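Open the model in a viewer and keep the selection panel at hand. The stops below say what to select next and what is there.

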Amino acid sequence: QVQLVESGGGLVQPGGSLRLSCVASGIIFSSYTMGWYRQAPGKQRELVARTTSGGSTNYADSVKGRFTISRENAKNTVYLQMNSLKPEDTAVYYCNADLLSWGRRRDYWGQGTQVTVSS
């Protein structure tokens, strides 16, 4: 059974920082592209950042220079370091594991963690 468990969300003031973690089980973690997505009220879910099995990363333009995604394969964990947070970063943040192999896509999601940026 595949599980992705996020943690680290909370309430933070503008300009503050948070570090999200996502621990995966039931998958060969090192083979997967791991990503962080977010969904704000009334908006569609959007990609925030992702890191491939080879370590390449890409970011949404809105978070470049402020957020950093990293992975620790030995711990089956992906992180999202969020600095200089803005009120518009408020959303539920979801962890995603994605693998396309032999023509079959495997796509898994965590339950989400709330991030609220407010004074």
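Start with the largest nonpolar core: of its 29 residues, select Trp36, Leu80, Met82 and Tyr93, which touch the most other members. A nonpolar core here is a set of buried Ala, Val, Leu, Ile, Met, Phe, Trp, Tyr and Cys residues joined through side-chain atoms within 4.5 Å. Buried means under 20% relative accessible area, exposed over 50%, and partly exposed in between, with a 1.4 Å probe and protein chains only. Now colour the elements that give two or more residues to this core: strand 3, strand 4 (33–39), strand 5 (46–51), strand 7, strand 8, strand 9 and strand 11 (113–117). Strand 9 gives the most, with five residues. Strands are DSSP runs of E with at least two residues, numbered from the N terminus.

Before going further, note that this is a predicted model, in which local features need pLDDT of at least 70 and side-chain atom pairs count only at pLDDT 80 or more, while totals for chains, interfaces and linings use all residues. Residues are numbered from 1 along each chain as its sequence is written, and side-chain values use heavy atoms, with hydrogens and water left out.

Next, select Tyr93 and show its surroundings. Leaving aside neighbours within four places in sequence, Tyr93 is in contact (heavy atoms within 4.5 Å) with Glu6, Leu20, Trp36, Tyr37, Arg38, Val48, Phe67, Leu80, Met82, Gly112, Thr113 and Val115.

Move to the open sheet of four strands, whose order is 1-3-8-7 with antiparallel pairing. Strand 1 (3–7) and strand 7 (67–72) are at the edges with a single partner strand each, so one side of each has no neighbour in the sheet. From one strand to the next the twist averages 15 degrees, taken between N-to-C directions of axes fitted to C-alpha atoms, on a scale from 0 to 180 degrees. Two strands count as paired if DSSP finds at least two bridges between them.

Select strand 8 (residues 77–82) within that sheet. Six bridges join strand 8 to strand 7, and the two run antiparallel; along this pairing, Phe67 stands opposite Met82. Strand 7 and strand 8 form a hairpin with four residues between them, and Asn76 in the turn has a positive phi of about 55 degrees. Strand 3 (residues 18–25) also pairs with strand 8 in the antiparallel sense, over six bridges, and here Cys22 is opposite Val78. Is strand 8 mostly covered or uncovered? Five of its six residues are buried.

Stay on strand 8 and pick Thr77. Its relative accessible area is 6%, so Thr77 is buried. The side chain of Thr77 reaches the backbone oxygen of Lys75 at 2.7 Å. Beyond its neighbours within four places in sequence, Thr77 is in contact with residues including Ser21, Cys22, Val23 and Phe29.

From there, select Cys22 and Cys95, which are joined by a disulfide with an S to S distance of 2.1 Å. The rule is a pair of cysteine sulfur atoms within 2.5 Å, and by it the count comes to one disulfide. Cys22 lies in strand 3 and Cys95 in strand 9 (residues 91–101), so the pair ties together parts 73 residues apart in sequence. The link of Cys22 and Cys95 is left-handed, with -80 degrees about the S-S bond. Cys22 counts as buried at 0% relative accessibility, and Cys95 counts as buried at 0%.

Methods
A polar contact is a pair of N or O atoms within 3.5 Å; within protein, one must be able to donate a hydrogen and the other to accept it, and residues adjacent in sequence count only if both atoms are side-chain atoms.
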